[in-house]
Amino acid sequence: MKRKREGVEKVSEIKSAIQQLSLETTEGQVSTTPFLNVCNVLLQVLDKIGPTMAVLRQDIHQNVRRVEKLYETDRTTYSNLVEIVKKEVGEGMARKTQSCTRAILWLTRSLEFTISLLEKVKEDPDRNLQQVVEEAYGTTLKLWHGWISSAAYKVALKLVPDNESFISSLVTDGDDYKTLKEDVKSFVTLLLPILTDIHAILTTYGVDRFKSP
């Protein structure tokens, strides 16, 4: 049973992400709209961790908006991410700080952080969430952050909520931890091939190694 609000079925953020990812069917051609929708769902998940993710949340929001603005100028041409990257590389814009290519790269890395976080929660619900977030960050985003960004995250970790509260916030009424584990497994199974395709695109055009300060 899922919670309903004003007659509308309420699903968890992870279930919503699964629905969006199910729209992605063309191998090697990552559709822009489902990708951005999943990134927006990610913002809702980060909100549940609280203020500690404020820096990452702001970055994701800005990167989503950057890609959305370009997409809205020509929804046919920019219906998949490879066309966006190809355009900017061809124009010599991809390496610029405010490029959509950089936005796509950082959004992909943020999704990898989310996968790592959710899988650790799935494996051991009793682990301290601060440790879980720190480990997930250390194996994903930290690899591409300079000392300024890393220092900001280190301070933010002190504000992480307890594990039980976080898990409870990820499920809707009528669901339980077993359901969450199944949803996380489905989410990861659908998302990983897409992230692999994005990395392949970025690597092909030589724009996959950018770092932050």
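**View 1. Asp-175 and Lys-15 form a salt bridge in this predicted model.** The closest N and O atoms of the pair are 3.3 Å apart; a salt bridge is a side-chain nitrogen of Lys or Arg within 4 Å of a carboxyl oxygen of Asp or Glu. Asp-175 lies in the loop between helix H8 (163-170) and helix H9 (177-204), and Lys-15 in helix H1 (residues 13-21), so the pair ties together parts that are 160 residues apart in sequence. Helices (H or I, at least four residues) are DSSP runs, numbered from the N terminus. Both Asp-175 and Lys-15 are buried, where buried means under 20% relative accessible area, exposed over 50% and partly exposed in between (1.4 Å probe, protein chains only). Local features need pLDDT of at least 70, side-chain atom pairs count only at pLDDT 80 or more, and totals for chains, interfaces and linings use all residues. Residues are numbered from 1 along each chain as its sequence is written, and side-chain values use heavy atoms, with hydrogens and water left out.

**View 2. Lys-15 also forms a salt bridge with Asp-183.** Here the closest N and O atoms are 2.5 Å apart. Asp-183 lies in helix H9 and Lys-15 in helix H1, so this pair ties together parts that are 168 residues apart in sequence. Asp-183 counts as buried at 12% relative accessibility, and Lys-15 is buried with a relative accessible area of 15%. Lys-15, Asp-175 and Asp-183 are linked in a network of salt bridges.

**View 3. Glu-135 and Lys-120 meet through their side chains in a salt bridge.** The N to O distance is 3.7 Å. The pair links distant parts of the chain, with Glu-135 in helix H6 (residues 129-139) and Lys-120 in helix H5, 15 residues apart. Glu-135 is partly exposed, at 37% relative accessible area, while Lys-120 is buried, at 18%. The whole structure has 9 salt bridges.

**View 4. Helix H4 (residues 81-91) packs with helix H5 (residues 100-123).** The angle is about 135 degrees and the axes are 9 Å apart; axes are lines fitted to C-alpha atoms over the stretch in contact, and angles run from 0 to 180 degrees between N-to-C directions. Leu-81, Ile-84, Val-85 and Glu-88 in H4 meet Cys-100, Thr-101 and Ile-104 in H5, contact being heavy atoms within 4.5 Å.

How values were computed
Helices (H or I, at least four residues) and strands (E, at least two) are DSSP runs, numbered from the N terminus.
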